[in-house]
Each structure stands twice: as C-alpha cells, then as structure tokens.
Amino acid sequence: RAWRPGQAPASLDMSGLAAADRELVDQILGEGEVAAQVAGEGGSLAIQESVFAGIWRLRGRDHAGNPYADRVEVGDVPAAIVARGADAPAAVAVGPGVVNAPALLAEIAEARARPGATGHVINLSLLPFSPEDAAWLDQSLGRGRVTLLSRGYGNCRITATGLDRVWWVQYFNSQDALILNTLEIITVPEVARAAAEDLEDSAERLAEVLEWIA
C-alpha cells in the first residue's frame, strides 16, 4: 500500500524465512505474466512477477549455483532491471546490403541525447529493413544483461541492448512468428511495468488473502 509511482521498489528479504514459510509465500504469490533474467559478472538473477501485479519474486545464484539473493520486491518494475548497466558496443563497419540501419542508429543517438525524453519508439516492421540492416544494427547496438518475456499482450520479448535505455521489443503470435519488431528508447518499456492501478488492486487482493489465512 505504501508504494507510489516514481518510488524505488520496496525490498523484502526472504532468505531468513524457514523453508515452509517460503513455500507458503511462493504458493500464494504464484506466477504472473512477466519473467526476466538479469546476467551479471557474479551470476544471474531470475525475476518472476507474481499473480499480484507489481509484486515480484527474485532469486539469484552465482556461477557455482549458490544462492546470493532471495527476496520479494514491490513496485512497478524491479530495481535490477532499471539499474542494469550496459557495455558500449564497438563500432561496426558498414558492409554490403546495409542501407537504412546507419540512419536508425543516428535516430537512436538523437533520442537518447534528448533531456527528459519520456520514450521514443522506432517501428522496424514499417520500414525498409533488410536482413543485412538487422544484422548490422544488432552488432552496433550490442546486447545488454537483461531479457524479459511478457505474456500479457501475446508473447512479447524484450531484450536490453548494449546501449543504456535502448531495448528491442518484439511481439510474436501463437506460432512464434514475429509480427511486430520495434526499438524503444526508454528506461524500461511500459509493457514490462505494472501500472499504479494494478498495485492498488494487488493490495486489495492481498488483504483478502490475509483475511483468509487468519
């Protein structure tokens, strides 16, 4: 109930709970529409939105498989997705067949440079965009450390690029065919965020669950 738009998510450590308590929490929270993986130098963090929108279950393991994070976060998006870091990709030579991608890279740079920008979307599905363009742009942007899958609007795959605040956002139909291919210049794409109204609804539903448990 205390969370407000614009605030960082509240974090609740689950590692100190007994196994039976954690199992009960996980059973009640269930699995919602958005899942994410955040890769880091020390391991990976698995994130799963619960059936209560805006309540996220996070579990981290190092490369040896040992747990290093076990918590619940409450907010529109987990902190690890916002503070994901990025590696600036190296310049890529323009090869044969690359026509429109350099202009798109310039548009991305301009959008990133605008102060206070709320978001910029480039719909690649509506543009002349050859396979060579796609490969060159992919190399030029690089790949970041975050991947998300949202099932709320069909299958939507969201991949961080190597540039901060630049994301591939791709929608697939039931046959896993790409039907919409976009680039979004934004802190986190809106499709991956829980709305404030969703968190209010989750608070009400959780109150009902607490009454049932009591």
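**Two loops, then the rest**

I began with Arg-165, which I found in the loop between strand S8 (155-161) and strand S9 (166-172). This is a predicted model, so I kept to what the coordinates give. Arg-165 is not a glycine, yet its phi is positive, at about 70°. I also looked up its cover: the relative accessible area of Arg-165 is 21%, so I noted it as partly exposed.

Next I went to Asp-176, in the loop between S9 and strand S10 (178-185). Here too I noted a positive phi, about 65°, on a residue that is not a glycine. Asp-176 is partly exposed because its relative accessible area is 41%.

**Confidence and overall layout**

I checked the confidence before going further. The protein chain has an average pLDDT of 90, and 95% of the residues score at least 70.

For the layout, I counted five helices and 10 strands in the protein chain. The C-alpha trace spans about 65 × 40 × 40 Å along its principal axes. Of the 214 residues in the protein chain, 36% are buried.

**Salt bridges**

How many salt bridges does a search of the whole structure find? I got 10. In general, side chains of opposite charge can pair when their charged atoms come close.

I took Glu-73 and Arg-71 to begin with; their closest N and O atoms are 2.9 Å apart in a salt bridge. Is Glu-73 buried or exposed? Glu-73 is buried, because its relative accessible area is 3% and the cut-off for buried is under 20%.

Then came Arg-143, which forms a salt bridge with Asp-138, with 2.9 Å between the closest N and O atoms. Asp-138 has a relative accessible area of 26%, so it goes down as partly exposed.

I also looked at Glu-190 and Arg-193, whose salt bridge has its closest N and O atoms 3.9 Å apart. Glu-190 counts as exposed because its relative accessibility is 53%. Arg-193, at 23%, counts as partly exposed.

One more entry under this heading is a network: salt bridges link Arg-22, Asp-26, Arg-57, Arg-59 and Asp-70.

**Rings and a nonpolar patch**

I searched for aromatic pairs and came back with zero in the structure. A ring does turn up in another kind of contact, though: Arg-157 lies over the face of Phe-172, 4.1 Å from the ring centre.

My last stop was the surface. Which residues form a nonpolar patch there? I noted Leu-210, Trp-212 and Ile-213, which together have about 400 Å² of accessible area. Trp-212 belongs to helix H5 (residues 196-213). Its relative accessibility is 69%, so Trp-212 counts as exposed, the cut-off being over 50%.

Note on methods:
Residues numbered from 1 in each chain as written. Predicted model: local features only at pLDDT ≥ 70, side-chain atom pairs only at ≥ 80, totals over all residues. Heavy atoms only, no water. Patch = residues over 30% accessible without salt bridge, like charges linked within 9 Å, V, L, I, M, F, W, Y side chains within 5 Å. Areas by Shrake-Rupley, 256 points an atom, 1.4 Å probe, with all protein chains shown as cover. Salt bridge = Lys/Arg side-chain N within 4 Å of Asp/Glu carboxyl O. Helix = DSSP H or I, 4+ residues; strand = E, 2+ residues; numbered from the N terminus. Buried < 20%, exposed > 50% of the residue type's maximum accessible area, 1.4 Å probe, protein only. Phe/Tyr/Trp six-rings, centres within 6.5 Å; stacked < 30°, edge-to-face > 60°. Lys NZ or Arg CZ within 6 Å of the ring centre and 35° of its normal. pLDDT = per-residue confidence, 0-100.
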